Amino acid sequence: MVKPIRVGARRRRGRGPAATGPVAAVAVLALTASGCVTVHGERAVVPSATEAEAAGALKEFVTAFNAADKAYDPGLDAGRVTGALGAVNQAGMKSRSVTYPDGNPRHVPLELTDVTYSIPKKAGWPRYFLADADPNRDQDGGGPRDERWLLVFLRGGPTDVWKAGYLNAVPAAKAPKLKRDGEGHVSMLPASTEKLAQRPDGLPKSYSSYMQSGTPPVFGDGPHSSQWRDSRRRTSNLPGISTQWIDQPLDTGDFAPLAFAAQDGGALVFFTIRTYERQTAAGGVKLPVHPDVKPLLTGEVKTSLTKERVSAQAVLVPAAGGGAAKTEILSRLAGLTTAKGA
């Protein structure tokens, strides 16, 4: 019988089982759920991991991340990250390895406690699980800065290691409660499911469109939706500098959406988009280039600078037929991945 595991001294009372276990870029910081692949004749529906295996994967990730963060060496955790988290983490480490060649002067080892693992059953490969953990980088006590970190781990085949593909910090009060069977396993929904107000495989395109035009209006207001659009609009035309944004779905391979069924009939969904921010200077105006951008820059910045970012979202999608209910964006992890001057 698989039960939620809690590791560490601190324990939260009164919380139901949540999604399982981040670090934007370097500081904080997939394959469709329906994409079962039969490998070596493996057709049986089995747990994606054992409790001990999930705990070991999380431990290996934290160990690798701490080593990379201390040295600012992307090679030290490259084998433990993939997908959206991998893109953000590796680019961030690469940048800081140049700006801080002697390593991270403010390194504090990451610690994750009070961990709950959510392990689905499925046939074949790839396989997944989630870890929901209390980080040592938030402020406990139930306030607005009290967070839980959600980590999605992916494994492509029997000879592969578990890698973290998504890592999102969510308010502790909003940590989602996942649906579990009698053995404690969670359920994953196909990316094409019609049981939700929005299909998971349509979210990258819908979110990209929403950020461009405000449609479709399926996302609730908040810092990662309406407020983010307002911020971009306010800064689109500064004195001597105009800015344009292009948002695109990033939804194949380890970047594909993953949906975990929630107790209320909805789902916790992770998905990714790519955003290009292009700044163009008027004649005689020099575009500023931040020190963290320079290590990722190709070309010479004369009149324009295009920055590419990868953005990973953790959202709650309501069940179909919920009327006016909208998708709630719990968290957005975004990081610069490349830059180009012209």
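Predicted model: local features only at pLDDT ≥ 70, side-chain atom pairs only at ≥ 80, totals over all residues.

Trainee: Okay, so why is Ser331 called buried?

Mentor: Its relative accessibility is 5%. The limit for buried is under 20%, so Ser331 at 5% counts as buried.

Trainee: And where does Ser331 sit?

Mentor: In strand 14, which covers residues 328–341.

Trainee: What makes the link between the side chains of Ser331 and Asn168 a polar contact?

Mentor: The distance is 3.2 Å. The cut-off for a pair of N or O atoms is within 3.5 Å, with one able to donate a hydrogen and the other to accept it, so the Ser331–Asn168 pair at 3.2 Å gets the label.

Trainee: Which other residues does Ser331 touch, leaving aside neighbours within four places in sequence?

Mentor: Besides Asn168, the contacts of Ser331 include His224, Ala312 and Gln313.

Trainee: How do you know that strand 13 and strand 14 pair?

Mentor: Count bridges. Pairing takes at least two, and strand 13 (residues 304–317) has 12 with strand 14, in the antiparallel sense. One example is Ala312, whose bridge partner in strand 14 is Leu333.

Trainee: What about strand 12 and strand 14?

Mentor: Strand 12 (residues 297–298) is joined to strand 14 over two bridges, in the parallel sense. At least two is the requirement, so two bridges qualify these strands as a pair. There, Thr298 has Lys340 as its bridge partner.

Trainee: Now the loop between strand 7 and helix 3, where Ala197 lies. Why is Ala197 called partly exposed?

Mentor: Its relative accessible area is 34%. Buried needs under 20% and exposed needs over 50%, so 34% puts Ala197 in between. Ala197 also touches Val317, Pro318, Ala319 and Ala320, not counting residues up to four places away in sequence.

Trainee: Gln198 is in that loop between strand 7 and helix 3 as well. Buried or exposed?

Mentor: Buried: Gln198 has a relative accessible area of 13%, and the limit is under 20%.

Trainee: What makes Gln198 and Thr327 polar partners?

Mentor: Their side chains are joined at 2.5 Å, and the cut-off is within 3.5 Å. Gln198 also touches Leu203, Val218 and Val317, among residues beyond four places away in sequence.

Technical notes:
Residues numbered from 1 in each chain as written. Heavy atoms only, no water. Helix = DSSP H or I, 4+ residues; strand = E, 2+ residues; numbered from the N terminus. Buried < 20%, exposed > 50% of the residue type's maximum accessible area, 1.4 Å probe, protein only. Contact = heavy atoms within 4.5 Å.
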